[in-house]
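Student: I have a model open and would like to learn how to read it. Where do we begin?

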Amino acid sequence: MVFEALRVKRTVGLGWIALLLLAPGGFAQAGGDRSDIRIVSSFVAAGEPVPANCREQAHTFAESLVRYPRPASWHWVLVCDEAGWGRFLRLSGRDGQDSIYASTDLAARTTYLRGARLATPGDFGAELDRVVAHELAHIRLNSRDEPSAEALARLWSREREERQRASTGSENTGN
Ligand SMILES: [Zn+2]
């Protein structure tokens, strides 16, 4: 999956530098996919390249995204650092210490993700999948209701695990 930094732009209202990334063919299969991923970093000035860690977060996120049913057109904003995430929380009227990992604005067709905590390799990998599935469930249901979003996300995760088991079933000898 190849991401290309196409242009640098300031996100309206947030005052951050956002690097607009498009994934030409990256979301692949669904030909009509017009979604975009924007990377927001507190530490990048206009015209500077996307920091390597943000780029890695975007790749990890995109890999997670394609595992679940997703809308044809959506804006994803990956906030690369914790300072930026705290700022996003305050600007959206929440406590900067709030421990949420993502936030979906259904009306604006935009989901914000806490990249620094989600997309780092290791333990958070599974967490990222869970969070992405949960936000996608909000989008599919077009609902802010937490229990129903979580129920659908769990269903998708179970289906995915079953597909994985089915495809590797012949190799499994244990539980
Ligand atoms: Zn939720």
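This is a predicted model: local features need pLDDT of at least 70, side-chain atom pairs count only at pLDDT 80 or more; totals for chains, interfaces and linings use all residues.

Student: How many helices and strands does the protein chain have?

Tutor: Helices (H or I, at least four residues) and strands (E, at least two) are DSSP runs, numbered from the N terminus. The protein chain has five helices and six strands, in the order β-β-β-α-β-α-β-β-α-α-α from the N terminus on.

Student: What share of the residues counts as buried?

Tutor: Buried means under 20% relative accessible area, exposed over 50%, and partly exposed in between, with a 1.4 Å probe and protein chains only. Of the 175 residues of the protein chain, 42% are buried by that rule. For contacts, the criterion is heavy atoms within 4.5 Å. Among contacts in the protein chain with a separation of 6 or more, 57% join residues 24 or more positions apart.

Student: Which strands pair with β4?

Tutor: Two strands pair if DSSP finds at least two bridges between them. Strand β3 (residues 36–41) pairs with β4 in the parallel sense over five bridges, and L78 in β4 is the bridge partner of I39. Strand β6 (residues 110–114) also pairs with β4 in the parallel sense, over five bridges; here H75 stands opposite T110. Four of the five residues of β4 (residues 75–79) are buried.

Student: Which residues of helix α2 are buried, and what covers them?

Tutor: In α2 (residues 82–91) the buried residues are G84, W85, G86, F88 and L89. Their cover includes β4, β5 and β6. After α2 comes G93, with a positive phi near 85°.

Student: What are the protein donors of the zinc ion?

Tutor: Donors are N, O and S atoms within 2.8 Å of the metal (3.2 Å for Na, K and Ca); water is not among the atoms, so sites may look incomplete. Here the donors are H134 (NE2), H138 (NE2) and two OE atoms of E146, lying 2.0 to 2.6 Å from the zinc ion. Along the chain their spacing is H-x3-H-x7-E.

Student: How far apart are H134 and H138 in the helix?

Tutor: An α-helix has 3.6 residues a turn, so residues three or four places apart point the same way. H134 and H138 both lie in α4, four residues apart, about one turn of the helix. H134 is buried, with a relative accessible area of 11%, and H138 is buried at 5%.

Student: Is the zinc site tetrahedral or irregular?

Tutor: Four donors count as tetrahedral if all angles lie between 85 and 135 degrees; four count as square planar and six as octahedral if opposite donors are over 155 degrees apart and all others between 65 and 115; anything else is irregular. The angles among the four donor atoms of the zinc ion are 54 to 144°, and the site is irregular.

How values were computed. Residues are numbered from 1 along each chain as its sequence is written. Side-chain values use heavy atoms; hydrogens and water are left out.
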